[in-house]
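Subject: Structure for your files

Hello,

Below is the structure I said I would pass on.

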Amino acid sequence: MNNLWNKVIYQVWAPFYDTFFNSGSFLKARKKIFEDLTFPANSQILLVGVGTGADLPFVIEKVVSITAIDLSPEMLDQAKEKYESPSITFKIMDAQDLEFPSESFEFVIANLILSVVPDPDQCFREMIRVTRSGGKIVIFDKFVPLNQELSLIMKILRPIIGMLGTDIGRRFEQIVMPYAKSIVIEEDSPSLFNGMYRKIIIRKI
């Protein structure tokens, strides 16, 4: 997985992405991610890897300022077409190299991105950097469940699925470990497919 390949594969995915990842079980899981979240007025929110905008309906009605980034112009164009609003700024940007000053946002929403970027450690480090002290990082993504190993079939499928633009073998605990002194995990709960997908809420100290 690399950025060049991701641009190609998500150009292909763009017309069909909502059919798979913004409907059915995925749509229900997305709703649950946001149901307990409160966004104070005038909050600055960053959506990392906004894709076709599947998460925007859950924040667009709030009195907030939203910055939505994605590496794929095709995915971003779909989000723009569906959710044009003066409160949203769309930018083409690499989630591993966020072009914002440190501590710019009260909320960073990173759904289905840490399993996609080539370097999840760099991506997570950048997300922490741009989050304000006391701010929160919201994650909905797939990781290998704690204290479990990938099954043989999943190990075989991992490189094939990787060619489709996502990694099914990443461990959240490894990604977050270097930052234990600067963050607090407020919630880590299963949300889909027997815990393969998780809802994780992190507060920056």
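L192 stands opposite Y197 of strand β7. Strands, like helices, are DSSP runs numbered from the N terminus (E, at least two residues, for strands; H or I, at least four, for helices). The model is predicted, so local features need pLDDT of at least 70 and side-chain atom pairs count only at pLDDT 80 or more, while totals for chains, interfaces and linings use all residues. Residues are numbered from 1 along each chain as its sequence is written, and side-chain values use heavy atoms, with hydrogens and water left out.

Strand β7

Strand β7 covers residues 197–204, and seven of its eight residues are buried, so the rest of the structure largely encloses it. Buried here means under 20% relative accessible area, exposed means over 50%, and partly exposed lies in between (1.4 Å probe, protein chains only).

Strand β6 (residues 183–192) runs antiparallel to β7, and eight bridges join them. Two strands count as paired if DSSP finds at least two bridges between them. The hairpin of β6 and β7 has four residues between the strands, and F193 there takes a positive phi near 55°. Strand β5 (residues 131–142) also pairs with β7 in the antiparallel sense, over seven bridges. In that pairing, K142 stands opposite Y197.

Salt bridges

A salt bridge is counted when a side-chain nitrogen of Lys or Arg is within 4 Å of a carboxyl oxygen of Asp or Glu. The count by this rule is 13. Three of them are described here.

- R132 and E106 meet through their side chains at 2.3 Å, N to O. They link distant parts of the chain, with R132 in strand β5 and E106 in strand β4 (residues 105–111), 26 residues apart. R132 is partly exposed at 29% relative accessibility, and E106 is partly exposed at 23%.

- E126 and R129 have their closest N and O atoms 2.8 Å apart. Both are in helix α5 (residues 120–130), and because they are three residues apart, about one helical turn separates them. E126 is buried at 9% relative accessibility, whereas R129 is partly exposed at 24%.

- E173 and R198 also form a salt bridge, with the closest N and O atoms 2.8 Å apart. E173 lies in helix α7 (residues 172–176) and R198 in strand β7, so this pair ties together parts 25 residues apart in sequence. E173 is partly exposed, at 22%, and R198 is buried, at 6%.

Regards
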